Amino acid sequence: MYDHFELLIMFFLLGISTFGMRSLFLVHFPQKLNNEQIRKGLESVPSSLLVALVIPYTFFIETDVDFIRLEVFVLLVVMVIIKFLKTPGLSLVIALSLLLLFEGLLK
Amino acid sequence: MLPILPSVIIFGIIFGITGFTSDLPLYLVSSMSYIIFAGSSQFLILILLSDNDPIIAILIAGILINLRHVFYGAALNKEFQGMGKKKILAAYLLTDEAYLISTFAKKSDKAPNDVKIIDVVIGGGGLLWLSWNISTIIGYFIGQRTNVFEGIPTDFIVAGTFLGYLILQWEQSPRERRFILIIILLSFSLSFVLKGVYLLFFTLTLGMIFAQIFFPIYNIDSVTETD
């Protein structure tokens, strides 16, 4: 269990650093860097992809790559649904609903 | 703006529910949404808290995840010049979605010529902020009142949240598929020696290095708008 005050301090530190990162180049942008190049680089560097990839994969690593789980089955079904619906938000709702349904049926 | 908002609301509700199932009080869960206001790192914090990782390690992982925001400011610097103190508010509201909206506004031929991008970021970002924070609180109460989500592990919810984006990225960006496969191999290899937040930390760091190898900033061809 964590101390709530320490957690709050951590959130503030992360919030301040995030604000700092967002405003860093808004306030002062080095003339040496070409703005259009940075813009194109931003569109190409898959930083969000990195986030999107690491976290689901960590899900498997943290359980010592245990694939024989109800959650994995549900995620496989959701992957097919996402392919057709193309909406991550709705697909997540379906995933959670399916998991609850299967857990209820198996009990 | 409208296509983005429902996803933000759904993820906000899911975040609130996940916050409740992580045994955090409402004030802490909601504080993340208005203090940090960055969905990826907020979800990451919940998963790392459930693993009982050290607070300092969680902070560093959060900063690492949010590093991409530096580039958002760089990309919008030209449009924000001479905008005075409005830049401060815009900087606070500059999330992935707000940046996306600004990109669409710049490319849209329906937008008036005198539209200021900073106003798009503040207006759109403000609406997103409101939606995100309200839906976080609603999600928390849903988790609290219904109790049905208690058995669902936090890592499943987070994995499900980002799996959708990952699959869409795979479908829409063929040139990034090689990068995806490399990251999978990297994570798998590192998992034999690292666990928890350290696995995440090193995978992210090395992944960013690989991203620069495959997608160097100074050698960019035309790119496809995928988000």
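Read from the N terminus, the elements of chain A follow the order α-α-α-α-α. The model is a predicted one. In total, chain A has five helices and zero strands.

Of the 107 residues in chain A, 47% count as buried. The accessible surface of this chain is about 5500 Å², and carbon and sulfur atoms hold 72% of that surface. Among contacts in chain A with a separation of 6 or more, 29% join residues 24 or more positions apart.

The interface with chain B involves 70 residues of chain A, in contact with 101 residues of chain B. Together the two chains bury about 7900 Å², with 76% of this area on carbon and sulfur atoms. Tyr2(A), Arg22(A) and Leu26(A) supply 10% of the area that chain A buries against chain B, more than any other three residues.

Polar pairing across the interface comes to six residue pairs in polar contact, both residues at pLDDT 80 or more. Zero salt bridges are found between chain A and chain B.

Each helix in the table supplies at least two residues of the side of chain A that touches chain B.

| Helix of chain A | Residues |
|---|---|
| Helix 1 | 4–27 |
| Helix 2 | 35–44 |
| Helix 3 | 47–61 |
| Helix 4 | 70–85 |
| Helix 5 | 88–106 |

Helix 1 of chain A gives the most to this side, with 19 residues. By residue class, the side of chain A that touches chain B consists of 44 nonpolar, 14 polar and 12 charged residues.

Key
Residues are numbered from 1 along each chain as its sequence is written. Chains are lettered from A and ligands numbered from 1 in the order in which they are written. This is a predicted model: local features need pLDDT of at least 70, side-chain atom pairs count only at pLDDT 80 or more; totals for chains, interfaces and linings use all residues. Side-chain values use heavy atoms; hydrogens and water are left out. Contact means heavy atoms within 4.5 Å. Buried area is the accessible area (1.4 Å probe) that two parts lose on being put together, summed over both. A salt bridge is a side-chain nitrogen of Lys or Arg within 4 Å of a carboxyl oxygen of Asp or Glu. A polar contact is a pair of N or O atoms within 3.5 Å; within protein, one must be able to donate a hydrogen and the other to accept it, and residues adjacent in sequence count only if both atoms are side-chain atoms. Helices (H or I, at least four residues) and strands (E, at least two) are DSSP runs, numbered from the N terminus. Ala, Val, Leu, Ile, Met, Phe, Trp, Tyr, Cys and Pro count as nonpolar, Asp, Glu, Lys and Arg as charged, and the others, Gly among them, as polar. Buried means under 20% relative accessible area, exposed over 50%, partly exposed in between (1.4 Å probe, protein chains only). Accessible areas come from the Shrake-Rupley method with a 1.4 Å probe; for residues, only the protein chains shown count as cover.
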